[in-house]
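Hello,

Here is the structure I promised to pass on to you. Have a look at it first, and my notes follow below.

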Amino acid sequence: MKKVYITSTSCLSSVGADKHLTWQGIQEGQSGIKKVRQLGFIEDIYAGQIADEVIDTQWNKLNISGVFTRLEKMLIIALKPLIDQNKPTDTSQLILATTKGNINDLANTGAKGANINDMIQRIADLFGFKTTPIVVCNACVSGILAVSVGKRMIQMGVCEDAYVIAGDELTPFVVSGFNSFQAMSDEPCKPFDANRKGVTLGEATAAVHLSANRLEGDTVFEVIGEASIADANHISGPSRTGEGLYQSIQGALRESGITAEQIDLVSAHGTATNYNDEMESIAFDRCELASVPTHSLKGYFGHTLGAAGLLELVVVIESMLHNQLVVSKGYEVSGVSRPLNIITTPSELSLNIALKTASGFGGSNTALLIAKRN
Amino acid sequence: MEQHKYSISKWCTVSDETVSRLDQVVFEGEKGDFAAFAKAYYKANEIDYPKFFKMDALSKLAFIGSECLLMDEEFEKPSSDIALLFSNASSSLDTDLKHCESIVEKESFYPSPAVFVYTLANICLAEVSIKHKLQSENTFFVSPRFDIDLMYAQASYILETNRAKQVLCAWVEYLEGTYQFFGYMVSPYKQGEVEHTRENIKNIYKR
């Protein structure tokens, strides 16, 4: 099968208005999670919200005319740097990962306004994509699952390259729902910690360019293995044994031909709910990853839903480029039953192979292995 | 590449309160009411799965179509041998509208977790994987119409890389009472079966 590389990355997050500012903010230990006074009828919650002024400032730099929603602007802001670097060809594939798209418009414009297909077509047309866009809508694994989908399209010879974008907004729709589940923390989330109280929600967009081709001399990240296996257990709770995540990681390892001990970094999903983090600890332990440096990045951004996997992959790639371990923000004392090597101090380490995972509602799981190629 | 590697071993449609399998009508309900039709299908087929009644309409539709395609499959459970690739145009908008209604007015603000969980399109896929214990590859796509090229490429990848032995591909669309299920199984080729090609998927879909 063809090799597929991540050749460039970009993001817009609550930590920073672009990739470099996000990486810099993380290095300084900043979090995008702040107290939000009001979202719909829900008051005083912690969330990783991006200020409208930040979006407006970034948007105005782009000099793009036309009417776009807030989320579409966020996606375009993340995608534009990749387009500037590599213009799409006639066969280039555009892939969007989102859970809810323009759901904020539902109350105002009804089903039409929240149509995800219309939304991605507007973005495809703006950048002159000639192929039919693909939308992956698979709960909280969407962001990295979209990378797998793009990789598979390239490997099946459908296209030579794919632009994968992911985005979800912090909306009253989602916040009220998570609140009704009583899954939200009343303080910034603390993944894998003994005192974790649940999810902190957030919003972000991210983009990566996948290609069968790499330029000589560029450092790229090969997608060496991936798999997405369902728990087949419960629609809203994770498997107690971590079976789906375990199988997903095993599937990714099988494809890559490497062993668990060759993995230098695990970037977990780590939502900070009791059940999720416990499930992940079991799956990682079963995969013999207990001693590998591990983090969750939710303490920086909150849970950005369909964007989470891709945003975190962008940060993992920065981490690998700089050979710099990112601290798992919010973690102090282990609150899971299995041993994990959670990163608590920033340190340098040669990082060549990383595992990124995500798990979500519906018992969905995705594991993605990337390897640095100089 | 080897010819006749995979076939479309069976297919099913659910629309207008009618279930068809291999172009033959296998169940017909009273016209005009999906909920009554779904319940009638459940009873007629002596399905014993109380979770069915908690599902939203999209999940019920996916459940019925998948039941029709999987009821005669024999496999050990749990199984990783049957992958699921589902898609539709409206995502979970039908249930999104219901959740939205419960949060727009301060006086009647009452979001329900039982509704909210169905505001993700892939939950209908999860319901099928749970019912049939399919611990397998699964993805939910959204596209304006059934994207044959996408389904063909993704199903072929799964089979050619031995990630599963069969793939259940389906279009599961439900919005405000208007609905359509179209699903088919891609399996190792057997003599006389319809070959898994884009053209054949198109022909079956049109029938």
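Leu310(A) is in contact, leaving aside its neighbours within four places in sequence, with Ala97(A), Gly143(A), Ile144(A), Ala146(A), Val147(A), Val164(A), Ala166(A), Ala206(A) and Val208(A). Here two residues are in contact if their C-beta atoms, placed from the backbone, lie within 7 Å. Please keep in mind that this is a predicted model: local features need pLDDT of at least 70, side-chain atom pairs count only at pLDDT 80 or more, and totals for chains, interfaces and linings use all residues. Residues are numbered from 1 along each chain as its sequence is written, while chains are lettered from A and ligands numbered from 1 in the order in which they are written.

Leu310(A) also turns up in the largest nonpolar core, which has 193 residues; Leu310(A), Val164(A) and Ala62(B) are those with the most contacts inside it. A nonpolar core is a set of buried Ala, Val, Leu, Ile, Met, Phe, Trp, Tyr and Cys residues joined through C-beta atoms within 7 Å. A residue is buried if 20 or more other C-beta atoms lie within 10 Å of its own, exposed if 12 or fewer, and partly exposed in between. This core lies between domain 1 (5-211) and domain 2 (220-373) of chain A, because both give residues to it. As background, nonpolar side chains in soluble globular proteins tend to be buried together.

Now the two domains. Their bounds come from an automatic or database domain assignment. The C-alpha centres of domain 1 and domain 2 of chain A are 20 Å apart, and their contact takes 58 residues from domain 1 and 56 residues from domain 2. On the domain 1 side, α6(A) gives the most, with eight residues. That side divides into 30 nonpolar, 21 polar and seven charged residues. In this count Ala, Val, Leu, Ile, Met, Phe, Trp, Tyr, Cys and Pro are nonpolar, Asp, Glu, Lys and Arg are charged, and the others, Gly among them, are polar. Helices (H or I, at least four residues) and strands (E, at least two) are DSSP runs, numbered from the N terminus.

UniProt, in an unreviewed entry, places the feature "domain: Ketosynthase family 3 (KS3)" at residues 1-372 of chain A. UniProt positions are given in the numbering used here, feature names are shortened, and annotations may be inferred rather than shown by experiment. The end C-alpha atoms of residues 1-372 of chain A lie 18 Å apart, and the span is 33% helix and 22% strand.

Next, where the chains meet. The contact takes 45 residues from chain A and 48 residues from chain B. Elements giving two or more residues to the chain A side include α4 (106-113), α5 (116-126) and α8 (243-256) of chain A. The residues on that side are 25 nonpolar, 17 polar and three charged. Val136(A) has Phe141(B) as its bridge partner in β5(B).

Within chain A, three strands form an open sheet in the order β2-β3-β7, with mixed pairing. Its edge strands are β2 (33-39) and β7, each pairing on one side only. Strand β3 (residues 42-48) of chain A pairs with β7(A) in the parallel sense over two bridges, and Gly48(A) has Gly202(A) as its bridge partner in β7(A).

A few backbone details may interest you. Most residues other than glycine have a negative phi, and most peptide bonds are trans. Phe192(A), however, has a positive phi near 65 degrees; Phe192(A) sits in the loop between α7 and β7 (201-202) of chain A and counts as buried, with 28 C-beta neighbours inside 10 Å. Ala272(A) has a positive phi near 80 degrees, lies in the loop between β10 (265-267) and α9 (274-286) of chain A, and counts as buried with 29 such neighbours inside 10 Å. In chain B, a cis peptide bond joins Lys77(B) and Pro78(B), with omega about -5 degrees. Pro78(B) is in the loop between α2 (57-70) and β4 (82-88) of chain B.

Best wishes

Key. Pairing = 2+ DSSP bridges.
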